[in-house]
Amino acid sequence: MGLNVAVTSALIALLRDDLFAAPFTTSAIDTLWSADAAAALRRGHREAAVRSVARVGEVGTLATLFVLGLPVTTESLEAALPRLGVDGAAELGLVRRDGDRAVPLLDLRPHAFVDALGPGSWWIASDLGEAALGTAIPATHVLGVGGASVTLSGLMIGDRVRRVLDLGTGCGIQALHAARHANRVVATDISQRALDLAAFNAALNGVDSIEFRLGSLFDPVVGEQFDQIVSNPPFVITPRSEGVPEYEYRDGGLVGDAIVSSVITGAAARLAPGGVAQLLGNWEYRDDVDAFERVGSWLDGTGLDAWIVEREVQPAALYAETWIRDGGTLPRTPEFDRLYTAWLDDFAARGVDRIGFGYVTLRRPVDGAPTLRRLERLDGGLGHNATGLGGHIASTLAAHDWQQARGDEELALATVSVAGDVTEERHYWPGDEHPTVMDLRQGGGFGRTFPLGTALAAVVGACDGELAIGSICSAVAQLLEVDEAELLAEVLPGIRELLVSGFLDPVE
Ligand SMILES: C[S@@+](CC[C@H](N)C(=O)[O-])C[C@H]1O[C@@H](n2cnc3c(N)ncnc32)[C@H](O)[C@@H]1O
């Protein structure tokens with residue numbers, strides 16, 4: 001990385017042509033080894049894939065070298081990269097020669113996706129993982145596309161915007177996604193090596209609308225405003241004690257969860273009116289106090305709308321085990337035990353017994369004070385979202401604004417319809433005529449379940465996008481022989497909740 005730009009871009013063009021021709025695609029790689037071997041590979045074990053990989057052919061050679069991280073013969077690499085050649089690959093820093101073998105220096109693999117703008121595929125270069133290195137990864141490791149990367153890119157709202165900031169770009173995956181719907185993207189990182197890899201990936205995939213800037217947090221964008229900020233920040237809580245590795249890719253260098261509060265408060269200063277920030281984060285539960293109290297205090301004074309979804313809570317000990325192992329330190333070794341002690345001491349110092357993980361959506365109101373402060377726990381399976389959750393997040397934010405702008409009288413005159421992914425589930429005691437439980441179920445979005453009372457069930461059942469909510473309530477009141485005004489007052493809060501959760505869509 002960091003080569004002469006003119007020479008590098010010419011070599012990158014040759015590499016792209018070779019990868020296209022191979023073709024080095026996810027579906028071609030899928031034919032090389034079994035689904036079981038692919039799953040083992042995702043867990044960091046390559047032995048099963050190594051056994052079954054068909055080493056013949058260009059795709060076999062490229063996958064052996066760049067996905068499994070094993071040397072190949074220079075002869076086979078010349079055949080797999082006929083335009084770039086082994087010398088070109090060495091000049092790009094992808095391999096080094098070792099006699100008649102080419103040894104991988106980087107991981108390079110196709111990444112296929114479907115987002116709001118349709119299907120796509122990129123080649124992404126990143127640092128070699130633990131299996132390929134045969135040792136724990138170094139602190140300067142630049143991560144490839146992992147589970148959290150895919151989670152955030154799925155959350156990303158894909159509406160057309162002018163300027164996006166990707167804070168902590170790593171290999172550049174979020175910036176590449178943002179470049180599909182933004183005029184310009186600024187991608188920042190504290191690691192020059194990450195920026196070099198991200199720039200390489202942008203060039204390899206023909207994307208020229210991303211600007212790369214070195215620096216910590218919001219330092220590289222002082223005084224600027226963005227329509228969208230995305231960040232998969234280095235949120236892993238790490239003891240700040242002697243001898244504990246500080247992995248750049250996951251550790252922001254601050255105490256506890258301060259990196260997440262810094263990104264939240266920093267985003268407040270950099271969001272343009274109407275702009276949205278989307279990030280992932282961890283937060284600590286201290287001294288049995290609900291973590292949402294602390295997260296709420298980070299939001300106070302920012303002037304932002306906020307929607308936080310906690311997806312998971314881990315006991316502190318399990319969290320420590322997970323992240324020590326993630327760094328390549330094996331359990332039941334003295335090193336693991338030393339780090340485990342440091343982690344548990346660090347948590348004990350702040351009274352931390354659990355750590356929450358979730359999605360943060362922030363928005364600067366176009367004008368006026370914030371109207372949205374929603375902190376909720378949704379730890380079940382998500383609904384089916386073919387293009388990710390971004391579309392759902394955008395439409396529920398719009399539904400929030402729509403219902404917020406209407407007082408109860410106005411809402412009663414408005415029309416809504418049941419979203420296309422919603423079904424109703426009724427449970428009966430055997431032989432009973434009336435259901436004991438009625439639930440709405442959301443097929444997409446967060447896959448929510450919403451319990452219904454008799455009146456709300458009847459009203460929702462008639463929300464066909466034609467009749468006003470008030471007219472439906474009036475008919476239902478007659479049917480149930482109850483007071484119309486009372487029924488309206490009972491039902492409207494439920495209608496609002498169903499709108500902001502995506503069960504109902506505004507019509508007019
Ligand atoms: C979890 S990785 C995310 C990479 C990529 N955006 C993704 O979604 O896969 C976090 C990135 O933040 C960078 N980083 C660490 N500390 C930072 C800081 N103080 N300011 C900006 N970036 C930082 C790391 O180098 C790393 O590339």
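**Cavities and a sheet**

I began with the second largest cavity: by class, its lining has four nonpolar, two polar and one charged residues. For class, I count Ala, Val, Leu, Ile, Met, Phe, Trp, Tyr, Cys and Pro as nonpolar, Asp, Glu, Lys and Arg as charged, and the others, Gly among them, as polar. The model is predicted: local features need pLDDT of at least 70, side-chain atom pairs count only at pLDDT 80 or more, and totals for chains, interfaces and linings use all residues. Residues are numbered from 1 along each chain as its sequence is written, and side-chain values use heavy atoms, with hydrogens and water left out.

A cavity is a set of points, on a 1 Å grid over the protein atoms alone, where a 1.4 Å probe fits but cannot get out; lining residues have an atom within 4 Å of a point. Volume is the space filled by probe spheres set on the points, which are joined across faces, edges and corners.

I noted about 50 Å³ for the second largest cavity. Its lining includes Trp-307, Arg-374 and His-400. Helix 16 gives the largest share, three residues. Helices (H or I, at least four residues) and strands (E, at least two) are DSSP runs, numbered from the N terminus.

I then turned to the largest cavity, at about 110 Å³. Asp-115, His-177 and His-181 are among its lining residues. Helix 9 (147-155) and helix 16 (390-404) each supply at least two.

Last, I checked an open sheet of three strands, order 1-3-2, antiparallel. Strands pair if DSSP finds at least two bridges between them. Four bridges join strand 2 to strand 3.

How values were computed: 1 Å grid on protein atoms, 1.4 Å probe; cavity = no way out; pocket = protein on both sides within 12 Å on 5 of 7 lines; lining within 4 Å.
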